[in-house]
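Subject: Structure for your files

Hello,

Here is the structure for you to look at. My notes on it follow below.

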Amino acid sequence: MNSREFERYMPEAHDHLRQRPSLWSYTRLDGWLLILLILLCGFGLFILYSASGQDIGYVSRQAIRMGAGFVVMIFLAQLTPRILGRWAPWLYVLGIGLLVCVILFGVGAKGAQRWIALPGFRFQPSEIMKLVLPLTVAFYLAHRPLPPRFKHIVISLVLIGMPTVLIMKQPDLGTSLLIAASGIFVLLLSGILWRYIFTALGLAAAALPGLWAVMKDYQKQRVLTFLDPESDPLGSGWNIIQSKTAIGSGGIDGKGWLSGTQSQLDFLPESHTDFIIAVVAEELGFIGVLVLLTLYLLIIARGLVIAARAPDSFGRLLAGSLILTFFVYVFVNIGMVSGLLPVVGVPLPLVSYGGTSIVTLMAGFGMIMSVHSYRTMLLK
Amino acid sequence: MAAERLKDHSKESRTFKIRAVLAFIVVVVMLCVLIGRLYYLQVVEHDRYSAMSEDNRVQLQPVPPTRGLIYDRNGVLLADNRPSYSVTILKEEVKDLDQILAQLQTLIPITEREIKRFKKRLRQRRRPFESVPVRFRLTEDEIAKISVNYHRLPGVRVEAELIRYYPYGESLVHAMGYVGRINEKELKRVEPTNYSATHYIGKLGIEKFYEDQLHGEVGFQKVETNARGRVMRVLERSDPRPGSDIVLHLDLRLQQITEKLLAGRRASVVAIDPKTGGILTMVSTPAYDPNLFVTGISYKNYNALRESPDLPLFNRAIRGRYPPGSTIKPIVALSAIDSGIVKPSYTIFDPGWYTLTQGGRKYRDWKKTGHGRVDMYDSIAQSCDTWFYDVAHKMGVDPMSKYLGMFGFGQVTSLDLPEALGAILPSKEWKKRARKAPWYTGDSLNMSIGQGFFVATPLQLAAATAVIANRGEWIAPRMLKGTKKIDDAGAEVLVDPVFSSAKLPPSDVILNNDKHWNDIIKGMRDVMHSKSGTARRSGANSEYEIAGKTGTAQVVGIKQDEVYDAEKLAEIHRDHALFVAFAPVDDPQIALAVIVENGGGGSTTAAPIARKVMDAYLLGKDLSPEEAANE
C-alpha cells in the first residue's frame, strides 16, 4: 500500500503524516474517548451518591472498580489487535468451558445459576463472553473474504449460538440475547447481504412463539408484567410503576440532586443498580437525561469513527460490534426502566453500581483503543 | 492464504463505512425513541406521575385530640391523661407475624389472650401503615428489653400514647364511669373522621354521656413516609382541638368520706344540693378500679369482679331497685292531706296491726305493741305503719301514684346519668299492664309503707327528698356543673351546661294548699328532733335542723304471726336499712338517701351514716381516726 493510495482512502490521515506524533499516540489511548468515559464515570458516581441513599461507601467502591476498569482499558490499549485476535480462539474455548462449568457447578440466586465461585472471589463467565464472542467472530470473519459467504455465516452463527444457548440455560435470557447481539453486529457490519438479513428477521418473527414456550415462568411473568404492569401493582408490576412514577415526576428540570422522593424514600427498587436512570430522571429531570444520552451518543459516535478508520477488517468489526453492543446496553436499560421493554437485568453502562460489568465495559473500550492506536502506529 | 488473496480491502472498508453510517443512523433513531419516551413520561404525563409520586410519599395522618379532663367542684382532678407505653407492630414491615410475636414473647410476657386480641385489632385496622398495639402499660424494664432488641424486631415499636388515668380509682367509678378501647360497634356509631385516630371512648357514666365534649376534634398532619411506611418528617399539621375540661358538682372529699362510712357494706349514698340539683356524692359499694378497664381487663380480674357475691360491678346508686320502705311515708301523707282525704290532725289508735275487714288478714305494724294514739306528725316521726294503712285504705292507690309520680318515682329524672333506671311506681294501670292483675286494697296498704311492688333507686329517693326540701321546686339531679372555656380575654370561665330539652325535669309539684309542705316537713323534723322520733339519736346535738325519714325494707316476706328475728335470718335475708334527709330545714343545702343492703334498721344503720355525711358537708367535719381507717 503506497502513501497515495492511503491518502485516497483516508484523506484526513494526510495531516497526521506530516505532524509529529502527539502525546496521545505515546499513551496509545484515544483522548476523545478517554475524556468522554471519564465524564460518564464522573456522572455515574455523582448520581450513585444520591441513588445509594448518600452512602459514600458505595461511591468509593464504585470508584475503585472504575479505576480498575481504567487500568484494564489502558493495558488492553497497549496490545495490538493482532495479539487480541490471536488470543480469540483460546479465549473462546475457555469461555465456553467456563459456561459449561456454570451449568454443572455454578452458584446462583433467584432460580438462576450465573456465578462460578472460586476461592476468594466469584465471577460470571457470561461477562467474559460479552467481549470474547465479538472478538472471536470478528477474528473469524476478518480472515474470510467479505461480504461473508453463506458457509462462513453459518459457522459464525454456530460460534454465536453456543454461548447464547449456554447462557440461556442458566437461565439468563437478557444476557444471552445481548451476547448474541454482539456477535450478530459483527455479521451485520461485515457486509452480510441484505437478503440474508431480511430472511433472518422473518425467521426470528416466526420463532417468537417457540421462544415463549422455552421461557421459564419468571421470564414469562416479566413479559406479562411489561405488557400490563397495573395487573399486579404490588407484586412484579411494582418496580415498573415506581420507576415510571420516578421518571415522570422528575419533569423537565427534576426535583434536584438528593431530593428525589421516589429514590430517597425507597419507593424506587434497585435504585442504585439497574434502575439508576430513574434516579437521574427524577432528580435531574429531562435535561439531566438528555445530558447523559448526549454523552452516550458522543461515545458511540467516537467508537464508530475509530472503527471506520481502522486499517483492517478485524479492527473495524471488533470496534464496531463492541460499540454497538455498548449502545444496546444503554437502549435496553433505559427502555426497560421507562417501560418500553420488559424488565431484564441489564445495568446502565458505567452508571449502575456493579462490579464485573464495569471492568468488562472498560476492557471493551481498551480493545477499541487498541484498534485506534494500531492505526496510529501504522501511520507513523 | 487463498482466502486472504481474495479479500478486497478497499471494498471491505467501503462496505463497513456504509454499514457504520447506517448503524449510526439506527442508533440516533433509537435514541430518539428513548428521548421521545422520556419526553412523554416527563413532560406530557408529568402531572399524573407527580401526583402518583406525591401519593406515594405524602400520607395524611389523623392526630388524636387530647381527652378533656374531669374536675370536682373544688377543682380536684378526677380523670387525668397519662403517657403509657405500648408495644406495637407495623404489619407492613413484618414478614412473619407469628415469628415476631414469638420473639416478643421471649422478651416480655404476653398472654395468648393478648395475642388473640392483637390479631382481632389487626383485622379491624382502619388504614394501611397503622401500627397495632400488642401489649399496653409496659414497664421501664420491658421498654428497655424491647429497645435493645429493636434491630432483631423489624416493624416492632414502643409507642407512647396518652391514656385515661383515674387517680381515685374505685372511689369514683360508679359516679364517673370510665373509658375503654373503642370497639367495632362503637366505631359504627361515631363520626368516622373525627374518631380516625381515637382509640378510647367513654364506655360508662359521665365519660360516656359527655363523650362529645370530652373527645375534642381530630387534627391532621401531612407526613412524608418512605416505602415501608416509616414517617420521615411532618410536612404540614393542623392541630387537633382538645376535648373540653368539665367540672362536676361532685365533692371528692365528701365522696371519700361517704365511701369510708360504707366500707365493707353493700350500700349506696346519693347526696344532692337541692338548690342546683348537683349531685354532691354518689357512692355505691363495693366498687372496682376503673383503670383496669381502660386498656382491657384480664379474664381473671373480670371474672373475679363478675362472680363476686357483693356485685361490685353493679351501680347501686342509680340501678339498685330497692323497696323504699317508710322513707316515702312523708309523700304518702302529703298525698292524703293534700287530696283532702284526712287532715294532719287525723288520729287513730294503733294496736300494732290493721285489718281491712273484721277478723281478716292482719297488716302488722313494725312495733308489735302498737303506737297507741297517733296523728300524722306522730306517724311520720314514729314511722307508724297502721296510720298509713288506714289512710291508704281511705284514699286508695290513685292519689298515692299521682303524688309519688310528681316526685319522680317510676321515671328517670337525672339529666346526665345514662345508666340510671326508672324503677317501678305501681298504679292500677301499671299492675294491669305489667302483672295482668287488678289492684287490690291490700296492694295500696303495702304501697303506703313502701313495700310490695314499689321499688326505687337511691338516686330517686335523694331527688324526691330534694323536691321536698325545695317545697315542690323540681331541679333535676345532674353531675355536670360546667365546661371550662377560655374566654376572649384569655381567662378560664365555666360555661353552664345546656341540657337537651328532651330531658326536662318533671314540672314543679304544686299543692292544693302550700301549707301542707310545712306539715310533712314538721313530721320529718320530728323524726330527728322529737322525743319519740325514730332517728332522734342521729338528730341529737346537731348544730343545724334536719328533716329525715327512716326506712326498713323487708327483703323476705314475713309470714302471718311470725316474729321477725334478725339474729336468726341469714345476713342476706336481713332487712335493708334506708334513710332520707335534708338539712338545714330552713335553708336546705343537702338532700340525701342512704341504703345499706341487709343493714337491719334504718334508724340504727342508715341514719348515723347520713348524719356524718351531713356533718362533713355542712360543718366541714372530718371522720374520726377510727372511721377514717376503715377500708
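Cover is counted by contact, which holds for two residues if their C-beta atoms, placed from the backbone, lie within 7 Å. Before going on: this is a predicted model, in which local features need pLDDT of at least 70, side-chain atom pairs count only at pLDDT 80 or more, and totals for chains, interfaces and linings use all residues. Residues are numbered from 1 along each chain as its sequence is written, while chains are lettered from A and ligands numbered from 1 in the order in which they are written.

Helix α20 of chain B spans residues 441-448, and six of its eight residues are buried, so α20(B) is largely enclosed by the rest of the structure. The buried ones are Asp443(B), Ser444(B), Leu445(B), Asn446(B), Met447(B) and Ser448(B). Burial is a count of other C-beta atoms within 10 Å of a residue's own, with C-beta atoms placed from the backbone: 20 or more is buried, 12 or fewer is exposed, and in between is partly exposed. Just after α20(B) comes Gly450(B), with a positive phi of about 70°. Helices (H or I, at least four residues) and strands (E, at least two) are DSSP runs, numbered from the N terminus.

The axes of α15(B) (residues 329-338) and α17(B) (residues 385-395) come within 10 Å and cross at roughly 40°. Axes here are lines fitted to C-alpha atoms, for helices over the stretch in contact, and angles run from 0 to 180 degrees between N-to-C directions. The two helices are therefore oblique to each other; angles under 35 degrees count as roughly parallel, over 145 as roughly antiparallel, 65 to 115 as roughly perpendicular and the rest as oblique. The crossing of α15(B) past α17(B) is left-handed, meaning that the near helix is turned anticlockwise from the far one by less than a right angle (clockwise would be right-handed). From α15(B), Lys329(B), Val332(B), Ser335(B) and Ala336(B) meet Phe388(B), Val391(B) and Met395(B) of α17(B). By class, that contact has five nonpolar, one polar and one charged residues. Ala, Val, Leu, Ile, Met, Phe, Trp, Tyr, Cys and Pro count as nonpolar, Asp, Glu, Lys and Arg as charged, and the others, Gly among them, as polar.

**Domains of chain B**

Chain B is divided into domain 1 (60-248) and domain 2 (252-629), with bounds from an automatic or database domain assignment. Their centres, taken over C-alpha atoms, are 42 Å apart. In the contact between them, 36 residues of domain 1 of chain B meet 29 residues of domain 2 of chain B. On the domain 1 side, α9(B) gives the most, with four residues. That side has 19 nonpolar, seven polar and 10 charged residues.

Pro608(B) is partly exposed, with 17 other C-beta atoms within 10 Å. Its C-alpha atom is 9.6 Å from that of Leu261(B), 347 residues away along the chain.

**Chain A**

Chain A has 16 helices and three strands, and buried residues make up 51% of its 380 residues. Its domain assignment gives domain 1 (37-78 + 217-380) and domain 2 (96-215), whose centres, taken over C-alpha atoms, are separated by 21 Å. In this case 24 residues of domain 1 of chain A are in contact with 23 residues of domain 2 of chain A. The largest share of the domain 1 side, 11 residues, comes from α15(A). By class, that side has 12 nonpolar, 10 polar and two charged residues.

**Between the chains**

The contact takes 38 residues from chain B and 43 residues from chain A. On the chain B side, α1 (2-6), α2 (9-44) and α3 (46-57) each give two or more residues, and α2(B) gives the most, with 21 residues. The class totals for that side are 19 nonpolar, nine polar and 10 charged residues.

Helix α14 (residues 276-309) of chain A packs with α2(B) at an angle of about 175°, their axes 11 Å apart. That makes the pair roughly antiparallel. The contact of α14(A) with α2(B) has 21 nonpolar, two polar and one charged residues.

Regards
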